[in-house]
Amino acid sequence: MPGEKYQICSVSFSIISLVLLWTKLPLQHQVRFKENLYGLRFHTFNFITFLSALYQLFLFLKSIKLYFFLHIKCCSIFWCAHKNLLSFIVMFIEFDEPWRPVTWSGANKEDMLQKLRALQVSVPDVNRLNILLHGPIGAGKSSFINSVNTVLQGHNTTAALADSSAGKSYSFTVKFKYHRLKKGAPGIFYPFSFADIMGLEPGSSSGVHIEDIVHVLNGRIKSGYVFNPVSPIAEGNPSYNSEPSLKDRVHCLVSVLPADNISLISNEVIQKMKDVREKARNLDIPQVVLMSMVDKACPLVNDDLKKIYTSKKIKDKMKECRDKLGVPMNCIYPVRNYHEQVTNDLLQDVLILMPISDIIRFANSYVEDQVYTE
Ligand SMILES: Nc1nc2c(ncn2[C@@H]2O[C@H](COP(=O)(O)OP(=O)(O)OP(=O)(O)O)[C@@H](O)[C@H]2O)c(=O)[nH]1
Ligand SMILES: [Mg+2]
């Protein structure tokens, strides 16, 4: 019976396709994934899927029988396996050369640290540069502040409390606070500080209120204020600064996004972040994006941080940040926060120092510009 023949052919075709697909997997591992090689294999996979689809059409035209629907199931499983395999493979693709050069040496780290130690704010009236971090809950804002402190102090620090509860749905940080960073002798601090705020959440009654972030940008909220997600700070509040000056304002806005979860961040939270960015833009405040959790997003980077700018996965994630928030790539910095380690690591220090150096430079030239134009 011709139907039976087609059925046998179709099932064998699917089995052969799947075997072909999966036997290539160990091969991919052995030869290190290169983009051109991947491109070649990608076409091979696509060709197999295309043939499978053609055969499907042929079956459909020949006769519509029950086995055809069974075969559709087979093909959809095959297609899913194909797609999952592709996203798995992307994790291991490496560029031959880093697309952003980094000097991973102790000398470079010392050089960046030395510049930070020698830093003086360009404007005498501003005693320290204020950096504000904002982003979704659990993005790694507090951990980044601790990481900066760890790099500058040279040992483990926990100034900004971070939370490690699994699957939490609320922000752990609820208080607004500028964290000053100690510089050697007691009572002496670096001339820059980082503000840790409550995370952004979807909905109008949870997470930090957008208007509160705008108040922070304008320097209207004093350190110690406890955020109320339902309503923003009112004028009579003791933590409300009715006459803010340049020294109270935010001098650089940092948006934090987790690399492993970007696509899962709700559109509402992304919209809130864009609104904050827009308000900061209207105030001419420079902006930077930090992409945390790179170790979770890419196994290559988890094994070797030096692969941060050769990993295709990380570049794709950075492009996702760019597209979601509308920031250029040269303002996006991938970082791995100190979250497990208790001792400093040279590669991690260098990767954290790169954005700090730029953030501080941007903030310093912002205050300078403000005084010049005021
Ligand atoms: N693997 C990994 N984990 C990180 C990284 N950064 C932060 N974490 C972990 O992510 C969790 C949340 O980090 P927090 O710093 O508390 O995040 P947050 O943005 O301050 O969160 P809220 O204050 O609740 O809004 C903690 O368990 C951190 O240890 C990172 O780069 N890699
Ligand atoms: Mg926090």
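This is a predicted model: local features need pLDDT of at least 70, side-chain atom pairs count only at pLDDT 80 or more; totals for chains, interfaces and linings use all residues.
Residues are numbered from 1 along each chain as its sequence is written, and side-chain values use heavy atoms, with hydrogens and water left out.

Six strands form an open sheet in the order 4-5-3-6-7-8, with mixed pairing; strands are DSSP runs of E with at least two residues, helices are runs of H or I with at least four, and both are numbered from the N terminus, while two strands pair if DSSP finds at least two bridges between them. Strand 4 (177–182) and strand 8 (332–334) are the edge strands, each pairing on one side only. Within the sheet, strand 3 (residues 129–134) and strand 6 (residues 252–258) pair in the parallel sense over four bridges, and His134 has Ser255 of strand 6 as its bridge partner.

Helix 11 (residues 346–373) packs on this sheet, touching strand 3, strand 5 (189–196), strand 6, strand 7 (287–292) and strand 8, where contact means heavy atoms within 4.5 Å.

Helix 11 also gives the most to the lining of the second largest pocket, with eight residues. Of the 18 lining residues, Met112, Lys115, Ser357, Asp358 and Arg361 lie nearest the centre of this pocket, a pocket being, on a 1 Å grid over the protein atoms alone, an open set of points where a 1.4 Å probe fits, with protein on both sides within 12 Å along at least five of seven lines, and lining residues having an atom within 4 Å of a point.

Key. Chains are lettered from A and ligands numbered from 1 in the order in which they are written. Axes are lines fitted to C-alpha atoms, for helices over the stretch in contact, and angles run from 0 to 180 degrees between N-to-C directions.
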